[in-house]
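Open the model in your viewer and keep the selection panel at hand. The tour goes stop by stop.

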2 protein chains.
Amino acid sequence: MARRRLTTDVAIVGAGTAGLAAWREVRKRGREALLIDPGPLGTTCARVGCMPSKLLIEAANAFHRRLVLDEFGIQGGTSLNIDLPTALARVRRLRDGFVAGTRRSTEAVGAALLRERASLLGPDRLAVGDCEVHARRIVLAPGSRPIIPGPWRALAASRLLTTDTLFEQRDLPERMAVLGAGAIGLELAQALARLGIEIHVFDLAPALPAVVDPVIGESLLACLGQELRLHLGAEAELTPTADALRVTNGTVDVAVERALVAVGRRPAIDGLGLETLGVPLDEHGLPPVHPETLQVANLPVFLAGDANAARAILHEAADEGHIAGINAASDSPEAFCRRTPMSIVFTDPNLARVGEVPQDADQGVVIGEVDFSRQGRARAAQHAYGRLRVYAEPKTGRLHGAEMCVPAGEHLVHLLGLAIHRQLSVHDLLGMPFYHPVLEEGLRSALRDAAGKLDSRRPASDLANCPSFDIEALD
Amino acid sequence: MARRRLTTDVAIVGAGTAGLAAWREVRKRGREALLIDPGPLGTTCARVGCMPSKLLIEAANAFHRRLVLDEFGIQGGTSLNIDLPTALARVRRLRDGFVAGTRRSTEAVGAALLRERASLLGPDRLAVGDCEVHARRIVLAPGSRPIIPGPWRALAASRLLTTDTLFEQRDLPERMAVLGAGAIGLELAQALARLGIEIHVFDLAPALPAVVDPVIGESLLACLGQELRLHLGAEAELTPTADALRVTNGTVDVAVERALVAVGRRPAIDGLGLETLGVPLDEHGLPPVHPETLQVANLPVFLAGDANAARAILHEAADEGHIAGINAASDSPEAFCRRTPMSIVFTDPNLARVGEVPQDADQGVVIGEVDFSRQGRARAAQHAYGRLRVYAEPKTGRLHGAEMCVPAGEHLVHLLGLAIHRQLSVHDLLGMPFYHPVLEEGLRSALRDAAGKLDSRRPASDLANCPSFDIEALD
């Protein structure tokens with residue numbers, strides 16, 4: 001049976017964050033487009049990613065706070081109780097609200113939304129259900145999926161959870177394993193522990209893989225080690241038993257009722273037909289993609305979002321859809337400067353990083369550091385812990401990057417993000433107002449520490465002289 | 001009896017934040033100095049200001065949070081109880097730690113610290129106890145005191161509190177008045193209310209005097225009105241009764257056990273002898289002070305910190321001591337650029353302001369606005385309320401200022417503070433990374449709102465084009 005033929009200016013595969021951004025850019029430029037996604041609609045972020053995890057984390061942190069209430073003179077904190085089914089139902093209720101918002105904007109696409117799976121037939125054609133779509137340009141944004149390593153795939157889905165299924169649980173057991181201590185593993189492990197579950201975290205890596213600077217890694221490890229049983233440096237093996245899962249790594253052997261697999265996500269490119277593009281694919285099956293145009297080789301094809309495995313976080317996926325959409329709608333692709341790299345892991349303390357963190361501390365970078373355990377405002381709020389480091393160019397003081405595990409790290413990293421984006425120096429930042437008492441004063445201590453180590457002498461004042469000033473000499 | 005004569009390079013009156021900063025700068029430059037303060041030592045900030053208020057506020061907010069625990073699935077929140085004597089004892093215990101730190105650095109001054117009251121005898125001489133101090137330069141930094149309006153001074157100190165006495169209370173009554181809805185009045189009123197005390201706030205002003213933009217004022221009023229009984233727009237009168245204080249303003253008439261007077265602070269210049277300087281004094285008894293050198297007229301005298309009534313907040317007092325100290329130790333005074341003005345009131349939501357806020361919204365300024373009641377992350381944390389506005393130059397998009405009452409306003413205002421300090425535009429800020437989901441995305445919405453209203457067309461992308469890029473044209 002011959003397929004029905006559809007033609008369009010731009011075919012967009014995937015109605016996630018990247019695909020939706022591409023759709024908007026293409027339509028804004030007056031081009032026709034088809035948006036192709038078999039569902040579920042609503043974006044990875046809203047359905048199974050950023051939003052439900054933050055909803056769970058906020059509940060967990062609210063419950064955890066009971067342990068310091070006594071310090072404040074508040075009685076009864078230890079008799080607070082969390083009802084996990086209610087907590088999980090709230091996560092779904094609010095998540096469904098976020099998903100509904102995204103779905104509405106997806107469904108507003110109308111007849112141009114094809115709820116089908118797409119498979120490339122070449123650089124200008126796709127099989128979509130019983131249609132063949134011919135497009136002048138194609139934007140591929142199929143997203144990503146949680147990785148489940150081969151040996152574990154045979155285990156019962158009721159025992160082995162991923163972020164696709166965790167938030168669907170009606171209740172959670174007393175003891176769980178989290179397999180993988182990366183960004184997602186760490187923040188969910190801490191949240192689950194704070195909800196009262198005994199959590200065992202396993203990772204092959206001997207240090208926390210989400211951290212670059214070992215000094216920050218040790219500080220975070222010391223904080224998290226108080227709440228989590230961290231088993232690092234050896235591979236975990238899973239064995240199903242009658243009523244549990246046995247997790248062993250050679251030295252540890254625990255029985256858990258469920259395990260959350262958080263060893264990463266991979267591009268959802270199975271069956272996408274990338275091999276029909278006629279360009280070489282790498283060992284992960286991915287074609288060459290230009291990071292500033294998102295163009296695949298010299299083809300009229302763009303690969304955006306998590307699926308290109310480059311910067312698999314929401315704000316970068318949105319940028320990539322935006323770049324791919326603009327370029328798919330224009331006659332020649334433009335290159336866009338990508339954002340200063342930034343990442344936040346929503347543990348408490350927040351692990352956050354921006355710009356470049358030196359892999360090797362001795363490579364001619366000045367490091368300014370501060371320990372938040374003595375920071376005034378952090379002590380007032382009963383969350384004085386963690387450490388922050390800034391990395392600067394020794395001659396000019398220009399900031400290269402920062403890494404931290406501190407309270408309100410998610411905010412401090414944005415301040416540093418602006419500074420690094422604008423190529424500012426340690427001295428430039430020290431000229432801004434720092435109120436009192438705020439956690440930003442902790443950051444200032446790190447900046448002052450760096451300023452004292454720069455090649456140039458620190459100026460007498462963080463306040464600039466007013467050059468236009470004219471005053472009679474004193475006496 | 002002739003006074004003993006002491007000579008020094010620089011006499012510094014007041015060992016508070018400004019005086020201590022001046023001392024460090026003078027000594028760093030190898031000049032002799034005397035630091036004169038009758039005590040109590042420890043700075044206004046640590047003893048009776050920023051620090052104890054924040055300690056009280058953190059306890060109050062921790063207790064208040066019980067009201068949303070139910071939303072998270074946490075049971076028992078409403079049966080939490082606060083023990084005020086314990087809460088107040090914690091405030092004093094931690095405060096004493098902060099004060100001890102400041103006292104230690106003050107006492108390290110050693111014999112150069114004179115624990116006496118000082119009174120000017122002229123622009124180069126001071127009476128200090130039984131000594132006459134002759135100094136080449138004098139830095140005056142005597143600080144400020146809470147204002148108690150004349151008619152109220154006769155009331156019993158046990159009924160009428162100020163920030164000098166509030167934190168010394170062993171317990172607090174069931175009902176209190178807060179007289180004054182400025183920065184200090186508002187943040188302490190909310191804290192006291194959140195500790196379970198029925199609070200009546202009185203202010204002569206018809207709108208919240210701590211806010212400049214009426215739209216932000218209304219938003220804050222709506223938030224605070226749920227916790228406080230706000231009686232604005234009429235003068236309060238106090239009448240002592242047998243076992244209470246009666247507070248009336250014409251329409252309201254309440255009996256309270258204690259009242260906190262928070263109508264402002266005034267320079268502590270009584271008996272300082274400013275009249276001996278031979279320069280005209282204004283209606284408040286203050287001499288002319290140059291804001292960028294802190295020099296008094298053309299005299300070898302500098303007036304720094306709260307006492308000059310210009311920028312009576314800690315980080316500015318520290319800057320002023322620093323400027324006065326540098327200038328007192330040098331041959332000719334230098335002018336220093338002052339910081340971008342910033343203020344934070346630690347209510348929830350935080351009221352915060354930076355840069356210039358237009359008094360009149362129609363004066364050719366573009367306003368970008370965002371309502372935080374629909375902000376994603378704020379909703380996840382169950383604190384979705386408040387409003388933020390940015391003010392920009394219509395032609396260039398350069399940011400003039402911002403005002404807000406939003407969760408984490410204390411952090412967002414620092415990000416905006418850096419932007420305004422560096423004279424950045426709305427577009428410059430939109431180029432930085434914004435992670436997801438964070439409250440900074442709310443700020444970004446306000447920036448985008450402003451960007452859409454600028455005279456120039458908004459560029460196609462917040463991402464800059466890479467000019468160096470060279471790629472073959474697409475097909």
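**Stop one: a loop in chain B**

Select E235(B): it sits in the loop between β13 (229–232) and β14 (237–240) of chain B. Strands here are DSSP runs of E with at least two residues, helices are runs of H or I with at least four, and both are numbered from the N terminus. The model is predicted: local features need pLDDT of at least 70, side-chain atom pairs count only at pLDDT 80 or more, and totals for chains, interfaces and linings use all residues. Residues count from 1 along each chain as its sequence is written, while chains are lettered from A and ligands numbered from 1 in the order written.

Is E235(B) buried or exposed? It counts as exposed, because it has 12 C-beta neighbours inside 10 Å (exposed means 12 or fewer, buried 20 or more, partly exposed in between; C-beta atoms are placed from the backbone).

**Stop two: an open sheet**

Now select the five strands ordered β20-β21-β24-β23-β22 (chain B), an open sheet with antiparallel pairing. Pairing needs at least two DSSP bridges between two strands. β20 (342–345) and β22 (366–371) of chain B stand at the edges with a single partner strand each, so one side of each has no neighbour in the sheet. Zoom in on β20(B) and β21 (350–355) of chain B: four bridges join them in the antiparallel sense. M342(B) stands opposite V354(B) in β21(B).
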